[in-house]
Amino acid sequence: MKELIRQARIHQEIAQDLLAKAEEISSAKPDNDSSAEHLVRTRWKFTGRERQVAGLLIGGLSNRRIARSLTISERTVKNHLHSIFCKMGVSDRTQAVIKLMRAS
């Protein structure tokens, strides 16, 4: 039981450190823009629609759901994803999501 309590305290400390870091990051937003969004705009030079698709991609949406959300065809979503992958230098959606999430 003592070990369980010790582990819980360690996890609580880690969680508090992560919350503090998240608050620090959120308070340092450039021009009321998230750092990931800023990076997407400056590093990869995504178009407005590509930024929207990338945001929904991070949210775990399928091509079909992205298309429905943006009222575009699945083929158009695939075209945007292809462009996003090329700009980011990745070959699939998993690599893109990982890279986008690490950027934030």
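Contact here means heavy atoms within 4.5 Å. The structure is a predicted model, in which local features need pLDDT of at least 70, side-chain atom pairs count only at pLDDT 80 or more, and totals for chains, interfaces and linings use all residues. Residues are numbered from 1 along each chain as its sequence is written, and side-chain values use heavy atoms, with hydrogens and water left out.

The protein chain contains six helices and zero strands. Its order along the sequence is α-α-α-α-α-α. Helices (H or I, at least four residues) and strands (E, at least two) are DSSP runs, numbered from the N terminus. The chain has 104 residues, of which 24% count as buried. Buried means under 20% relative accessible area, exposed means over 50%, and partly exposed lies in between (1.4 Å probe, protein chains only). Among contacts between residues at least 6 apart in sequence, 51% join residues at least 24 apart.

Two packed helices are described by the angle between their axes and the distance between the axes. Helix α4 spans residues 63-70 and helix α5 spans residues 74-88; they pack at about 105°, with axes 8 Å apart. That angle makes α4 roughly perpendicular to α5. Axes are lines fitted to C-alpha atoms, for helices over the stretch in contact, and angles run from 0 to 180 degrees between N-to-C directions. Angles under 35 degrees count as roughly parallel, over 145 as roughly antiparallel, 65 to 115 as roughly perpendicular and the rest as oblique. On the α4 side, Asn63, Arg64, Ile66 and Ala67 take part; they meet Glu74, Val77, Lys78 and Leu81 of α5. The residues of this α4 contact with α5 comprise four nonpolar, one polar and three charged. Ala, Val, Leu, Ile, Met, Phe, Trp, Tyr, Cys and Pro count as nonpolar, Asp, Glu, Lys and Arg as charged, and the others, Gly among them, as polar.

Helix α5 also carries histidine 80. This histidine 80 is buried, at a relative accessible area of 17%. Beyond its neighbours within four places in sequence, histidine 80 contacts Arg49, Glu50, Val53 and Ile72. Glutamate 50 lies in helix α3. Glutamate 50 is buried, with a relative accessible area of 5%. Its side chain makes a polar contact with the side chain of lysine 87, at 2.7 Å. A polar contact is a pair of N or O atoms within 3.5 Å; within protein, one must be able to donate a hydrogen and the other to accept it, and residues adjacent in sequence count only if both atoms are side-chain atoms. Not counting residues up to four places away in sequence, glutamate 50 touches Lys45, His80, Ser83, Ile84 and Lys87.

Most residues other than glycine have a negative phi. Lysine 45 has a positive phi near 55° and is not a glycine. Lysine 45 sits in the loop between α2 (35-44) and α3 (48-58). It is exposed, with a relative accessible area of 58%. Threonine 71, also not a glycine, has a positive phi of about 55°. Threonine 71 belongs to the loop between α4 and α5. Its relative accessible area is 71%, so threonine 71 is exposed.

In helix α6 (residues 93-103), Ala96, Val97 and Leu100 are buried. The buried residues of α6 fall within an arc of 95° seen down its axis, so they line one face of the helix. The arc is that of the directions from the helix axis to the C-beta atoms. Aspartate 92 caps the N-terminal end of α6, with a side-chain oxygen 3.1 Å from the backbone nitrogen of threonine 94.
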